[in-house]
Amino acid sequence: LHPQAQMQIMNIINSIMGQKYIATHSSYIVNHYPIHKLVRVVNEGEGSKVYKFDNRLSMKELKTINLKCMLYKAEMIFANKVVLFEGQTEHIALPIYFKKFFGCYPFEMGYSFVYVEGSNNYKAYLEICNAFHIDWCVYSDGERVVINFLNNMMKEITGRHHYDTTKDNHFVIIKNEMCYEDDLIYHGFVKDVSQAIDQKEK
């Protein structure tokens, strides 16, 4: 259905008094509503389970999450697994690696690759994944400052006094305290990196 037509339907539904539930697979409709008004229904074999945000977060925190995750909110909620990363280079490369290894595109297996635009935004995306019980992993640069940030973030999310993301299977950390681009150069892809930079500048 055309997005403008979907908007018209939503206006009609919103004008109806009382409590309403909308069952949809439309990313347009999902992205239209704030995150705390969404419910994820998942078939888990023996029956369906319902997941939504609990009341532990303030409206200010929910608003921040909604704003930071606006573009990928629906894509995440409909995914079987979400792969989070912070860099533009990974945004281009990781889906290519996935297709090379598995022989299909990520969406064919229900995977969503999400560019969070900076490590300071991971927390908002992880709050969504945890609230809606979406399986996730983080592909991260390996610099010490980044690892320290991720450890502190996970301590805040989980309430633990200690957290080591390098020992958590949810995190894929680039070795030798390198960022992704340095890792490519280290493994002999200098020419490929140079060509990519030249093409971007043209």
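Which helix does alanine 5 lie in? Select alanine 5 and you land in helix α1. Keep in mind on this tour that the model is predicted.

**Stop 1: Alanine 5**

Alanine 5 has a relative accessibility of 29%, so it counts as partly exposed. In sequence, 158 residues separate alanine 5 from tyrosine 163. In space, their C-alpha atoms are 48 Å apart.

**Stop 2: The largest pocket**

Next, select Tyr21, Ile22, Lys37, Leu38 and Val39. Of the 29 residues that line the largest pocket, these lie nearest its centre. The pocket has a volume of about 1,000 Å³. How is such a space found? Rolling a probe the size of a water molecule over the atoms shows where empty space is left.

Now colour three elements: α1 (3–15), α2 (27–32) and β1 (40–43). Each of them gives at least two residues to the lining of the largest pocket. Which one supplies the largest share of that lining? The answer is β1, with three residues.

Then colour the lining by class. You will find 17 nonpolar residues, seven polar ones and five charged ones.

**Stop 3**

Valine 39 sits in the loop between α2 and β1. Is valine 39 buried, partly exposed or exposed? Its relative accessible area is 41%, so valine 39 is partly exposed.

Together, Val39, Val41 and Val50 make a nonpolar surface patch of about 260 Å².

**Stop 4**

Time for charges. How many salt bridges does the structure hold? There are four.

Start with glutamate 44 and lysine 49. Their side chains meet in a salt bridge, with 3.7 Å from N to O. Glutamate 44 is partly exposed, at 39% relative accessibility. Lysine 49 is partly exposed too, at 44%.

**Stop 5: Lysine 81 and aspartate 135**

Move on to lysine 81 and aspartate 135. These two form a salt bridge, and their closest N and O atoms are 3.7 Å apart. Which strands does this pair link? Lysine 81 is in strand β3 (residues 81–85), and aspartate 135 is in strand β5 (residues 135–140). The partners are 54 residues apart, so the pair links distant parts of the chain.

Lysine 81 has a relative accessible area of 21% and is partly exposed. The cut-off matters here: buried means under 20%, so lysine 81 does not count as buried. Aspartate 135 is also partly exposed, at 37% relative accessibility.

**Stop 6: Glutamate 156 and lysine 123**

Last, select glutamate 156 and lysine 123. Their side chains meet in a salt bridge of 4.0 Å, N to O. Why does this pair tie together separate parts of the sequence? Glutamate 156 lies in helix α7 (residues 144–158) and lysine 123 in helix α6 (residues 122–131), so the bridge joins parts 33 residues apart.

Compare the two partners. Glutamate 156 is exposed, with a relative accessible area of 57%. Lysine 123 is partly exposed, at 23%.

Lys123, Glu127 and Glu156 are linked in a network of salt bridges.

Definitions and conventions: Residues numbered from 1 in each chain as written. Predicted model: local features only at pLDDT ≥ 70, side-chain atom pairs only at ≥ 80, totals over all residues. Heavy atoms only, no water. 1 Å grid on protein atoms, 1.4 Å probe; cavity = no way out; pocket = protein on both sides within 12 Å on 5 of 7 lines; lining within 4 Å. Points joined across faces, edges and corners; volume = space filled by probe spheres on them. Helix = DSSP H or I, 4+ residues; strand = E, 2+ residues; numbered from the N terminus. Nonpolar A, V, L, I, M, F, W, Y, C, P; charged D, E, K, R; others polar. Patch = residues over 30% accessible without salt bridge, like charges linked within 9 Å, V, L, I, M, F, W, Y side chains within 5 Å. Areas by Shrake-Rupley, 256 points an atom, 1.4 Å probe, with all protein chains shown as cover. Buried < 20%, exposed > 50% of the residue type's maximum accessible area, 1.4 Å probe, protein only.
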